[in-house]
Amino acid sequence: DIAIEFAAFYTQPDSLLYCAYVLDKLHQPRMVILGTQKEYEATLKEAYSTPAFYNLVWKPIEEYMPENGNIYFSAFGIFHKVGIEYLPKAEQRNMIRLSSTRELALAHKNNIKKKAVLYGGLEYNMGAKDRDRIRLAYYNSESTPDLVFRDAPNIQDLRQKRSNLSYLNGAETEVLSISQLLRGKKITTLLQMGMDGTEESFKALSGKQISLLHIATHGFYEEPQPFISTSPYDNDYRTKHTEENSLSRGLYLTGAADYLTDNNQYSPTDMEDGILTAKELSRLDFRGLDLVVLSACQTGLGDITSEGVFGLQRGFKKAGAQTLLMSLWKVDDTATLLLMTEFYNKLINGNSKKQSLYKAQQYLRTYQNGVYDKPEYWAAFIMLDGIN
């Protein structure tokens, strides 16, 4: 096995050069020079169709890469935006993406079979009776529950751009199929569908020691808002601004359309707004959560910093989750249904998380004579910290 930490440094004010620190058990760590930011950007669009991007990322390290062993790597910069483990030739090797290679020094136990919670087939518009039912279930006149956070998401023009949240038929079928698989293996499974998939119900999971969380819904990612300052003393605030802004990425849950369309049916100060942000996630207690599957669009994106990606993955990791399965771009509803169902089918029958994802991708690529063989369908989902 080998471990690789990707990094980058400036050789000139406008020239960022990437490198890889390579570690195995037989040698001292070595630094291998790779390509420049401009070279990666020039070949990014053809990353899966030509060997150009692979030659910039992996070819300089090939001599150190084992044929059959594990290749653990921690991404940096532009490598957060593309599944470099799926590049031509790379997919033939057993590559495992890590948030940091420090994960290799920690003990990890596969614990997905304890308690599972699935969200999918959500109703994004909520009627008055449903809101009253939620108030009775999660609120009372004597106290304010700890699970309620009043963070207004920092997302511009959200009401105009996101007001039409369509019902995801594939997500409904997806969670029903997965729940059947899990219950068939005697795994305790809570299924949150329709009007039950509220933000209140999600935050109530905090501290409940669940081991598997699957969320099939609409995700949102907005481009970061720049921090502008002429003061030389604003570095600390700049870092805080970056994280605060990035943690506004999130997921839409039950009732989100009511708030987005601003139809005055209820006020966000009365109840949760159905928009679950990464910032809110980071305040929850998900210690013991072995696997999070974010079956939604662009759930792996965020602002790229020297500390990694600030976004949903940052929120879940801060909350204590171990392995994340998430997407890098907009995903097809039907293709995602097929991929996720097969992933769980492999996972509950003894395969590792990484093996389960690989086999599910192969299944999708060969489905109906290759109708989903293009990388846009099967390469969207990446797994982070899937060590066991």
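The expected span of a helix is 1.5 Å times one less than its number of residues. Helices (H or I, at least four residues) and strands (E, at least two) are DSSP runs, numbered from the N terminus. This is a predicted model, in which local features need pLDDT of at least 70 and side-chain atom pairs count only at pLDDT 80 or more, while totals for chains, interfaces and linings use all residues. Residues are numbered from 1 along each chain as its sequence is written, and side-chain values use heavy atoms, with hydrogens and water left out.

**The whole chain**

Start with everything shown. The chain has 13 helices and 16 strands. Of its 388 residues, 54% count as buried; buried means under 20% relative accessible area, exposed over 50%, and partly exposed in between (1.4 Å probe, protein chains only).

**Helix 11**

Select residues 333-347, which make up helix 11.

D332 caps the N-terminal end of helix 11, with a side-chain oxygen 3.1 Å from the backbone nitrogen of T334. A polar contact is a pair of N or O atoms within 3.5 Å; within protein, one must be able to donate a hydrogen and the other to accept it, and residues adjacent in sequence count only if both atoms are side-chain atoms.

**Aromatic rings**

The structure holds 18 aromatic pairs. Rings of Phe, Tyr and Trp (its six-membered ring) pair if their centres lie within 6.5 Å; planes under 30 degrees apart count as stacked, over 60 as edge-to-face and the rest as tilted.

Select F6 and W58, an edge-to-face pair at 5.6 Å centre to centre, with 75 degrees between the planes. F6 lies in strand 1 and W58 in the loop between helix 2 and strand 4, so the pair ties together parts that are 52 residues apart in sequence. F6 is buried at 3% relative accessible area, and W58 is buried at 0%.

Next take F202 and F286, which are edge-to-face at 5.8 Å centre to centre and 85 degrees between the planes. F202 is in helix 6 and F286 in the loop between helix 9 and strand 12, 84 residues apart. F202 is buried at 0% relative accessibility, as is F286 at 2%.

Return to F6 and show the aromatic cluster that it forms with Y18, Y40, F53, W58, F73, F76 and F79.

**S282**

Select S282, in helix 9. Is S282 buried or exposed? S282 is buried, with a relative accessible area of 18%. Its side chain reaches the backbone oxygen of K279 at 2.6 Å. Leaving out residues up to four places away in sequence, S282 touches G315, K318 and A319, where contact means heavy atoms within 4.5 Å.

Two strands pair if DSSP finds at least two bridges between them. Three bridges join strand 10 (residues 250-252) to strand 11. Pick Y252 to find its bridge partner in strand 11, I275.
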